[in-house]
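Have the sequence and the model open as you read.

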Amino acid sequence: MPNEAFVSHRIRRLLRRAAEAMEAGRYEELLREALRCVDQAPQIEDGWFMLAQAQASLGYNHDGLERVERAIARFPGHDPLRVQRCKFLYALGRRRECLGEIQALLDKGEPDPWSRNVLAHLLVMLDEVEKALPLQREACAGGNASARNWLNLAISERFCGDFEAAREHLGETLRLDPGNARAWWVLASLRRATEDDNSIAAIESALESTKLTPLNESFLQFARGKELEDLERWDQAFDAVSAAGAARRKSRPYDHARSESLVDTLIEQHDRDFIDSPAAGSDSDEPIFIVGMLRTGTTLVAVSYTHLRAHETKT
């Protein structure tokens, strides 16, 4: 049998490496380290939590849900694991189960800051905006909000059509974290760049980071492409969008079986009862579909429209 002190030191080292990978957004590395953690020390909650985080970020939703449910059975009082379960339920199209689990967590009392942000973001995506925004505003109150807190609030405000507030809070995000790739990407979608007022130099500076992950590179290149397109620098814009697509493919290689499984789940969950159910926030039960080619303004129409069953599709 290995020495207990050595095992403890080895597990602490694994957890530390996993935590560093999670903080940096290196999710493939996080997945490897977290799998080692749960294999060698299944009694440690943090390993299961970080494994769920990796699988959710990489889109391994079916396996992730199965594993996180096993972890919850082992640690029934660990609410962040239940929050991770909500993420998988949402990703798999199981909206009603997701909403029920979110409400059960909120009914327990004040969630921890991380859980509050994730639950609020999920509520926005589930059309429960009125429940979400107070949670996110609370997270940003008091002067100790992180860049992630401000970014989540801004994304929700954009989703609700409050573009002025979203731009203001993206500014707070970038003040705290000037290289925040997702913030630059969202901000680019909320303004039209001009020769006198654009963020291309700042975005290109962020692209020079040696610690940039493929996913963050894709966000920055998409933002850069959007601003170059606004300035009608067509060749540069095309190159930026091409680089963004290449980086996105590196961050999440296409998996045909996973996509097929997701579509099957969506078909199963979005049954006649779902179609016939009334939509929150709208007097009409008729869905609205906004269909168009990429880069033709469908996102702007979708986020500007007040009907909460407006569905955007790019072809």
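E69, R82, R85 and E101 are joined in a network of salt bridges, where a salt bridge means a side-chain nitrogen of Lys or Arg within 4 Å of a carboxyl oxygen of Asp or Glu. The model is predicted, so local features need pLDDT of at least 70 and side-chain atom pairs count only at pLDDT 80 or more, while totals for chains, interfaces and linings use all residues. Residues are numbered from 1 along each chain as its sequence is written, and side-chain values use heavy atoms, with hydrogens and water left out.

By this rule there are 19 salt bridges. One of them pairs E172 with R175, with the closest N and O atoms 2.9 Å apart. These two residues sit three apart in helix α10 (residues 163–176), about one helical turn; helices are DSSP runs of H or I, at least four residues long, numbered from the N terminus. E172 is partly exposed at 25% relative accessibility, whereas R175 is exposed at 56% (buried is under 20% relative accessible area, exposed over 50%, partly exposed in between, with a 1.4 Å probe and protein chains only).

The largest nonpolar core has 42 residues, and L30, W48, M50, L81, C86 and I102 touch the most other members. Such a core is a set of buried Ala, Val, Leu, Ile, Met, Phe, Trp, Tyr and Cys residues joined through side-chain atoms within 4.5 Å. Helix α3 (45–58) is among the elements that give two or more residues to this core, and α3 gives the most, with seven.
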